[in-house]
Amino acid sequence: MKKLLEGIGFLLLVQGAAGLVHEFTGWLRGWGVIQHLGFADGYELYLSIALVVLAVALFAAAESTEKAR
């Protein structure tokens, strides 16, 4: 379970970071999933921040499952 949470967290962290880099610099066009979502127009920055926060939460949950055993 820990590996699954860490894997999903890593993917979310990469997508969130790519979205933030794209929003602030214009680089990495096409790397992030958020840029391809039609309903996210105008909210890309907020969704990228939310992905990074969710990734950190998943990493914390993965660590807590390790300590629970």
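E6 is partly exposed, because its relative accessible area is 24%, and partly exposed here lies between buried, under 20% relative accessible area, and exposed, over 50% (1.4 Å probe, protein chains only). This is a predicted model, in which local features need pLDDT of at least 70 and side-chain atom pairs count only at pLDDT 80 or more, while totals for chains, interfaces and linings use all residues. Residues are numbered from 1 along each chain as its sequence is written, and side-chain values use heavy atoms, with hydrogens and water left out.

**Salt bridges around K2**

- A salt bridge is counted when a side-chain nitrogen of Lys or Arg is within 4 Å of a carboxyl oxygen of Asp or Glu, and the count by this rule is 2.
- E6 and K2 form a salt bridge through their side chains, with N to O at 3.7 Å.
- These two residues are 4 apart in helix α1, so about one helical turn separates E6 from K2.
- In general, an α-helix has 3.6 residues a turn, so residues three or four places apart point the same way.
- K2 also pairs with E63, and the closest N and O atoms of that salt bridge are 3.6 Å apart.
- This second pair links distant parts of the chain, since K2 is in helix α1 and E63 is in helix α2, 61 residues apart.
- K2 has 25% relative accessibility and so counts as partly exposed, and E63 is partly exposed as well, with a relative accessible area of 36%.

**Overall architecture**

- The protein has 2 helices and 0 strands; these elements are DSSP runs numbered from the N terminus, with helices being H or I of at least four residues and strands being E of at least two.
- Along its principal axes, the C-alpha trace spans about 45 × 20 × 15 Å.
- Helix α1 has 24 residues and should span 34 Å at 1.5 Å a residue, which agrees with the 34 Å between its end C-alpha atoms; the expected span is 1.5 Å times one less than the number of residues.
- Of the 69 residues, 23% count as buried.
- The accessible surface comes to about 4900 Å², with 70% of it belonging to carbon and sulfur atoms; such areas come from the Shrake-Rupley method with a 1.4 Å probe, and for residues only the protein chains shown count as cover.
- Among contacts (heavy atoms within 4.5 Å) between residues at least 6 apart in sequence, 60% join residues at least 24 apart.

**Inside the protein**

- The largest nonpolar core has 8 residues: L5, L12, I34, A40, L51, A55, L58 and A62.
- A nonpolar core is a set of buried Ala, Val, Leu, Ile, Met, Phe, Trp, Tyr and Cys residues joined through side-chain atoms within 4.5 Å.
- Both α1 (2-25) and α2 (44-68) supply at least two residues each to this core, and α2 gives the most, with 4 residues.
- A55 is in contact with G9, L12 and L13, leaving aside its neighbours within four places in sequence.
- The buried residues of α1 are L5, G9, L12, G16, A18, G19 and H22.
- S48, in helix α2, is buried, with a relative accessible area of 0%.
- Apart from neighbours within four places in sequence, S48 is in contact with G16, G19, L20 and I34.

**The loop and the surface**

- Just after α1, G26 takes a positive phi of about 85°.
- L28 sits in the loop between α1 and α2, and its phi is near 60°, a positive value in a residue other than glycine.
- For context, most residues other than glycine have a negative phi.
- L28 counts as partly exposed because its relative accessibility is 31%.
- V21, W27, L28 and W31 form a nonpolar surface patch, with about 450 Å² of accessible area together.
- Patches are made of residues with over 30% relative accessible area and no salt bridge; like charges are joined within 9 Å, and nonpolar side chains (Val, Leu, Ile, Met, Phe, Trp, Tyr) within 5 Å.
- H36 is also found in the loop between α1 and α2, and H36 is exposed, with a relative accessible area of 58%.
- H36 and F24 are 12 residues apart in sequence, and their C-alpha atoms are 17 Å apart in space.
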